[in-house]
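This report describes a structure step by step, from the overall fold to the contact between chains. Please keep the sequence and the 3D view at hand while reading.

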Amino acid sequence: MTAHDPQATRRPNAPTTTYRYDEFDAAFVRERVAEFREQVRRRLSGALTEEEFRPFRLMNGLYLQLHAYMLRVAIPYGTLIAPQMRRLADIADKWDKGYGHFTTRQNLQYNWPKLVDTPDILEALAEVEMHAIQTSGNCIRNVTADHFAGVARDEIEDPRPTAEYLRQWSSLHPEFSFLPRKFKIAVTGGEHDRAAIMVHDIGLRIVRNEAGEIGYQVVVGGGLGRSPFVGKVVRDFAPRADLLAYIEAVMRVYNRFGRRDNKYKARIKILVHEKGIDEIRAEVEAEFSAIDRTVFAHDPEEFARIAAFFAPPPYEALPAKSPALDAAKLEYPAFANFVDVNVSPHKVDGYAIVTVSLKPIGGVPGDATSDQMRVLADLSERFGFGELRISHEQNVILPHVKQDDLFALWRALDAAGLATANAGLISDIISCPGLDYCSLATARSIPIAQAISKRFSDMSRQRRIGKLGVKISGCINACGHHHIGAIGILGLEKKGQESYQITLGGDPTFSASIGELLGPGVTAEQVPDVIEHLVDFYLSERLENEQFIDTWRRVGHARFKDALRREGEDGADI
Amino acid sequence: MALISDGRFVEDAWRRLADEEALPKSGKVIVSLPRLDHALEIQTSEMTLGAIVPNTAEPSALMSALPRLGLVSIAFPAFADGRGFSLARLLRRAGFAGELRASGRLVADQYPHLVGCGFDTVEIPDDLAERQDESQWRAALAAYSRAYQRGYAARSSVLEARRKALRP
């Protein structure tokens, strides 16, 4: 909301529709940078050992990776404004190698920063109201939300005020900064789940009760990693006034009883699995009823203050249909394909939501160069009130584009190599960095994504195949979300060789399901063949309007396995 | 062992009693949890009792003893094991008004967290105190002018400051 934003008038066509820091937020982030600068100094002086320094650098987003440090910058609920995107580009140029990697948690990673530079990077971020706080470590991580928040047609309420409210509450929490393991919260306000809330430690779904009041359905214990679980509903309706108290209750139960003897069994999903949701619910409810809720008495005002920042931008009154758009589509088939695939309906007539794919054919999923970041920042100001989103699918969203402007936008995107019309298609692959960067990885991910993308480089074939989520992880930690890909690929190491397990039927939405294993692992070279056979079988079996996941559910896993076995006899050893 | 209170290294007025050591007739002594019931039974009016408890202690099991204790020391088996923070909150919620102490290899950077959860003092091994001197503990306490959370001890609250700024 512009009333809170002294800089609004200085940005052309850019009234912000996201949270802006007040003096207290700004002071907090400045203090955090100063503290980290001091922590780095004390690490170098020996006052802090590496073991002691570790949780503090992690809570500032700094990982030690295979080749170098990696800095993960928070993009709360995936929303950022043009000056912030430009600053990300500048940092990539000054302190990294001219690019960044957008992640499945709507964050941005720099892969080559130096330890001694990180306080300066954090300071550069703080100047544009950004930080790297709690993007890593055993604490409450950056809260994610639906990337179509505020513009989706199926929305009960914009989830971002809730996410911001939780961001502030969780920042440097005195009690919950040394948890058994990391803790991820996602919020969605839509009838469709675009934030994968069922596979988070806590998933919040904004709902209305019979009285029409807004509240939250609270899901706990979802997660991917080596033991994937779909979350379970712990509370059907938590009124907004009780949200913090209720989450505090969940966190306290987890902090006290979550396992600490084995880091692979330390997530809340294991606690929920071992104790059962009923016992967890009883513990949480008992704790919740013991909490003094008077300390939260002023929270409704605070929530309203935060929500005001997310007021809609000043849309023009436009007709629902744009003749200019229709004419351009007729004249330019490539543009028509882009609109059909990458453009989603907007809740306001005459506007559209544009997904800018960071998955060029054969490219590295989620990577953007500093030049591309600047182009996106400029285009967001020219065409979309200066606002951008990062999706957990690792793409960039321009959430408020006039339909009349779509053609001009497409041309500008095309000129910058950003007009790949594959949003949601088979080459819109989610992939972790894998063995090319990550010290945990057991196999490469990016080259697999590139090979699949190239195999299906024919865009008309991709459109014929339709929506199909391919997700690749380079180890069982599952950062590439392979468990919830309609086709999931997991890279392992078997006897010194990379081996890829393939799963089918994963689903990240409210109808969440974990993919089922297809069979023994295959080599890196075989992966594109296997995917192609599976896709061909789906195309031969599908009924009208069925997506891959629908066909798989209808005809069953066994028949996909059989189909692959038959294909395997023809040559490949699958 | 070094003891930190209000950002300073201070003399410890309490004595930690080894399990084989007999209870003195007077003074401030800290006993382990298994000895606590017996110590409470034979407690004299010149003696003040404290207890050191594991971070897995159930607050309900301590409830009857709490009003008679001058100190509860919560053991942190590792600095990154955060259970003690929640236990401290629960003991304060149960009305414990005596000295709450955190004991373990805690680092200065955790000081605001400890104070926020209701701890008064921190007891650390000498080798740690040598590396992390008083100035580092004091700096940690002063690192943040305000905290976002409600209901935790902090120098000042963001929410309160905001409300004042909006409605002077």
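Helices, of at least four residues, and strands, of at least two, are DSSP runs that are numbered from the N terminus. On this basis, chain A contains 18 helices and 20 strands. The model discussed here is a predicted one.

## Overall form of chain A

The radius of gyration of chain A is 23 Å, close to the 25 Å that the globule rule gives for 574 residues, so chain A is as compact as a globular protein of that length.

Of the 574 residues in chain A, 57% are buried. When contacts in chain A between residues at least 6 apart in sequence are considered, 67% of them join residues at least 24 apart.

## Confidence of the prediction

The predictor assigns the complex an ipTM of 0.97 and a pTM of 0.93. For chain B, the mean pLDDT is 95, and 99% of the residues reach 70 or more. Where pLDDT is low, predicted coordinates should not be read in detail.

## Domains of chain A

The domain assignment divides chain A into domain 1 (23-126), domain 2 (151-308), domain 3 (323-415) and domain 4 (430-569). The centres of domain 3 of chain A and domain 4 of chain A, taken over C-alpha atoms, are separated by 27 Å. Their contact involves 9 residues from domain 3 of chain A and 10 residues from domain 4 of chain A. On the side of domain 3 of chain A that touches domain 4 of chain A, there are 4 nonpolar, 3 polar and 2 charged residues.

## Helix α17 of chain A

Helix α17 of chain A covers residues 548-555, and its buried residues are A:Phe548, A:Ile549, A:Thr551 and A:Trp552. Why do these residues lie on the same side of α17(A)? They cover an arc of only 165 degrees around the axis, which puts them on the same side of α17(A). After α17(A) comes A:Gly556, whose phi is positive, near 95 degrees.

## Contact between chains A and B

The contact between the chains takes 32 residues from chain A and 32 residues from chain B. On the side of chain A that touches chain B, at least two residues each are supplied by α1 (23-45), α2 (50-58), α5 (160-170) and α6 (243-257) of chain A. The largest share of this side, 7 residues, comes from α1(A). By class, the residues of the side of chain A that touches chain B comprise 13 nonpolar, 8 polar and 11 charged.

Terms used. Residues numbered from 1 in each chain as written. Chains lettered and ligands numbered in written order. Predicted model: local features only at pLDDT ≥ 70, side-chain atom pairs only at ≥ 80, totals over all residues. Domains from an automatic or database assignment. Contact = placed C-beta atoms within 7 Å. Nonpolar A, V, L, I, M, F, W, Y, C, P; charged D, E, K, R; others polar. pLDDT = per-residue confidence, 0-100. Buried ≥ 20, exposed ≤ 12 C-beta atoms within 10 Å, placed from the backbone. Arc of directions from axis to C-beta. Rg over C-alpha atoms; globule rule 2.2 N^0.38 Å.
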